[in-house]
Amino acid sequence: MHTFAAAGAAFLVCVLWFDLMFDVQVRGHYGEVPANALASISGYYRRVTREAWPMNRLIAVVMLLTILVIILEIIFGRYHWWIECSR
C-alpha cells in the first residue's frame, strides 16, 4: 500500500501545481480578475471537468483511492507516518 500512497500523493502534488499556476495569474489583482486570466482558468476547468470524459472520472478515483490508502496505513499502523520502514 505504501507505494500506491506515494504515487497518489505525487499525482496530487501535480494537480496542486496547476492550481498554483492559476493563483499566480490573479496574484496582485484585488477585486476583479483580469479577463484573460479568467478565460484561461475557466477554460482549463471546463476541459478537465466536463470535456475530459472518461479521464475526469479516473482523476477522481485516483484521488479517493490515495486518501483511502493513506487512512488505512494510519489506522493499521503499518508504517510510522513520518518515516519509511525499509526491511
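Predicted model: local features only at pLDDT ≥ 70, side-chain atom pairs only at ≥ 80, totals over all residues.
Let's start with the chain as a whole. Of its 87 residues, 14% count as buried. The chain exposes about 7,100 Å², and carbon and sulfur atoms supply 69% of that area. Contacts also reach across the sequence: among those between residues at least 6 apart, 60% join residues at least 24 apart.

### The largest pocket

If you are interested in cavities and grooves, here is the place to look. The largest pocket holds about 260 Å³ of space. Its lining is made by 13 residues, and those nearest the centre are Val-15, Tyr-44, Val-48, Ile-59 and Met-63. The elements giving two or more residues to this lining are H1, helix H2 (35-49) and H3. Which of them gives the most? That is H1, with five residues.

Met-63 belongs to helix H3 and is partly exposed, with a relative accessible area of 26%. Setting aside neighbours within four places in sequence, Met-63 is in contact with Phe-11, Leu-12 and Val-15. As for Leu-12, its C-alpha atom is separated from that of Met-63 by 7.1 Å, although the two residues are 51 apart along the chain.

| Residue | Relative accessible area | Class |
|---|---|---|
| Thr-66 | 1% | buried |
| Met-63 | 26% | partly exposed |
| Gln-25 | 31% | partly exposed |
| Tyr-45 | 32% | partly exposed |
| Trp-17 | 56% | exposed |

Is Thr-66 buried or exposed? Thr-66 counts as buried because its relative accessible area is 1%, where the cut-off for buried is under 20%. Thr-66 sits in helix H3, which covers residues 55-76. Not counting residues up to four places away in sequence, Thr-66 touches Phe-4, Ala-5, Gly-8, Ala-9 and Leu-12.

Trp-17 lies in helix H1, which spans residues 2-26, and its 56% relative accessibility makes it exposed, since the exposed class begins over 50%. Trp-17 also takes part in a nonpolar surface patch of about 490 Å², together with Leu-16, Phe-18, Leu-20 and Met-21.

Gln-25 is another member of helix H1. Beyond its neighbours within four places in sequence, Gln-25 is in contact with Ala-37, Ser-40 and Ile-41. What distance separates Gln-25 from Asn-36, C-alpha to C-alpha? The two are 9.2 Å apart in space and 11 residues apart in sequence.

Tyr-45 is placed in helix H2. Tyr-45 touches Asp-19, Phe-22 and Arg-50, again leaving out residues up to four places away in sequence. With a relative accessible area of 32%, Tyr-45 is partly exposed, and Gln-25 falls into the partly exposed class too, at 31%.

How values were computed:
Residues numbered from 1 in each chain as written. Heavy atoms only, no water. Helix = DSSP H or I, 4+ residues; strand = E, 2+ residues; numbered from the N terminus. Buried < 20%, exposed > 50% of the residue type's maximum accessible area, 1.4 Å probe, protein only. Contact = heavy atoms within 4.5 Å. Patch = residues over 30% accessible without salt bridge, like charges linked within 9 Å, V, L, I, M, F, W, Y side chains within 5 Å. Areas by Shrake-Rupley, 256 points an atom, 1.4 Å probe, with all protein chains shown as cover. Salt bridge = Lys/Arg side-chain N within 4 Å of Asp/Glu carboxyl O. 1 Å grid on protein atoms, 1.4 Å probe; cavity = no way out; pocket = protein on both sides within 12 Å on 5 of 7 lines; lining within 4 Å. Points joined across faces, edges and corners; volume = space filled by probe spheres on them.
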